[in-house]
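Please read it with the model open.

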Amino acid sequence: MDEIKKNFPIFTSNPDVVYLDSAASAQKPQSVIDAMNDFYCNSYANIHRGLYNWSENASMLYDDVRAKVAKFIGASDMSEIVFTKGSTEAFNLLASSYRSLLIDGDEIIVSEAEHHSNFLPWKDLELQKNIKIKYLPILEDGSFDYDWFEKNISDKVKLVCVTAQSNVIGLKNDIGKIVKISHNYGAKVCVDGAQLTAHDKVNVSVLDIDFYVFSSHKIYGPTGLGILYGKKSLLDLLLPYQFGGDMVESVSLDKVVFKEPPSKFEAGTPPVVEVVGFGAAIDFIESIGMDKISKYLSGLTTYLIAKLSEISGVKFISSMDSNSIVSFVIDKVSSFDIGFLLGKNNICVRVGKHCAEPLHTRFGIDSSIRVSLGIYNDKEDIDKFIETLKKVLVMLR
Ligand SMILES: Cc1ncc(COP(=O)(O)O)c(C=O)c1O
């Protein structure tokens, strides 16, 4: 793992910067940049439209990455992978398309720990339909209240929306348990994998997950691209939420026949170059090995928690069992002042509510500092952060 940082040109050009904000977005390895550059320079074209080599090659690359993503998350068929512009669009697509499947009195369960992107689309749906959202509470240690869940799930619940790993708490949730209980009542489960997918092997088939969402940019790939995985039988039931080119079999003035999923959800020119880069990001991860990544980051997280625990006044919001994400506040010192001064000293952390305001309200705080790790970080980065934090605290206390 010592050599990994060298694959990321941004750190070669900026050796003094300590980047601890990978949960917001991860940096890109040279192989991802090269794959996109090569495609632009040597064979760029739109997909599924041209009868010439460049377009045929682009179509092939695009479809190959879909197959690669399917394998990466254990989907049984590549048609179960819909390319979106990010996790946010994937949730919006699902919420919008689910509207026609819900009837008055139906319920959706959403956890209190959700990122706004897996929260607001369901709130919007509640405003538009006569349905009810119930909120799965978070316990003091950051875990889901599974007892509450078992008591509150019923056959009125049609969908359960939970994160596999909160971007604030960092704990890996028991998705297998949530799926099992939900399926006993006929409810489908939509899992936010935006954070977990960066450092944990996920198998949607083994876990029997109905919908799974994640973003390319958080797993070392380009921005502007995400994934909605859906079981084929479920994607078949959903209506498209955008309309345009490349998503129809036929159109006449009085009849439209949509293509099969995933095409019916991918109207218009897709982010072809980003898909190519995403394929390179998956290759990069697999060349290291997800188990190795997970173990390395888990060890580094333990080191970070131990070092932070030595600082007086630190109160953790994240779980002690977190992987890669450590959120905290410091007694009587503004998180924003700390983040600002860290930033001035080339230490990049995130400060605020991290688009998880209900969770901050749950813990009675209005902001927190989040340090999040990527595979390029090492103990030296953490030592620099701790040393700078101590200096900042001397100034602020
Ligand atoms: C847990 C979680 N879910 C969803 C999202 C939304 O991802 P994107 O901004 O890539 O759409 C984020 C982004 O920070 C996240 O951390």
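**Cavities and ligand site**

The second largest cavity is lined by His48, Arg66, Asp246, Lys259, Ser263 and Glu266. The model is predicted. A search of the whole structure finds 3 cavities of 30 Å³ or more, while the ligand takes up the space of the largest pocket.

**Second largest cavity**

- The volume of the second largest cavity is about 40 Å³.
- Its lining has no nonpolar residues, with 2 polar and 4 charged ones.
- Arg66, Asp246, Lys259 and Glu266 are the charged residues of this lining, and His48 and Ser263 are the polar ones.

**Largest cavity**

- The largest cavity has a volume of about 100 Å³.
- A total of 15 residues line the largest cavity, and those nearest its centre are Ser22, Gln195, Ala198, His199 and Leu373.
- By class, the lining of the largest cavity comprises 7 nonpolar residues, 7 polar residues and 1 charged residue.
- The largest cavity lies between domain 1 (4-25 + 289-396) and domain 2 (32-286), because both domains give residues to its lining.

**Ligand surroundings**

- The residues around the ligand are Gly86, Ser87, Thr88, His115, Ser117, Asn167, Asp192, Ala194, Gln195, Ser215, His217 and Lys218.
- This shell consists of 1 nonpolar, 9 polar and 2 charged residues.
- Ala194 is the nonpolar member of the shell, and Asp192 and Lys218 are the charged members.
- Gln195 is part of the shell around the ligand and is also one of the residues nearest the centre of the largest cavity.

**Ligand polar contacts and cover**

- An N or O atom in the side chain of Asp192 is 2.5 Å from a nitrogen atom of the ligand.
- The side chain of Gln195 has an N or O atom 2.7 Å from an oxygen atom of the ligand.

Methods. Residues numbered from 1 in each chain as written. Predicted model: local features only at pLDDT ≥ 70, side-chain atom pairs only at ≥ 80, totals over all residues. Heavy atoms only, no water. Near = heavy atom within 4 Å. Polar contact = N/O pair within 3.5 Å; in protein donor to acceptor, adjacent residues only side chain to side chain. 1 Å grid on protein atoms, 1.4 Å probe; cavity = no way out; pocket = protein on both sides within 12 Å on 5 of 7 lines; lining within 4 Å. Sits in = over half its atoms within 2 Å of the grid points. Points joined across faces, edges and corners; volume = space filled by probe spheres on them. Domains from an automatic or database assignment.
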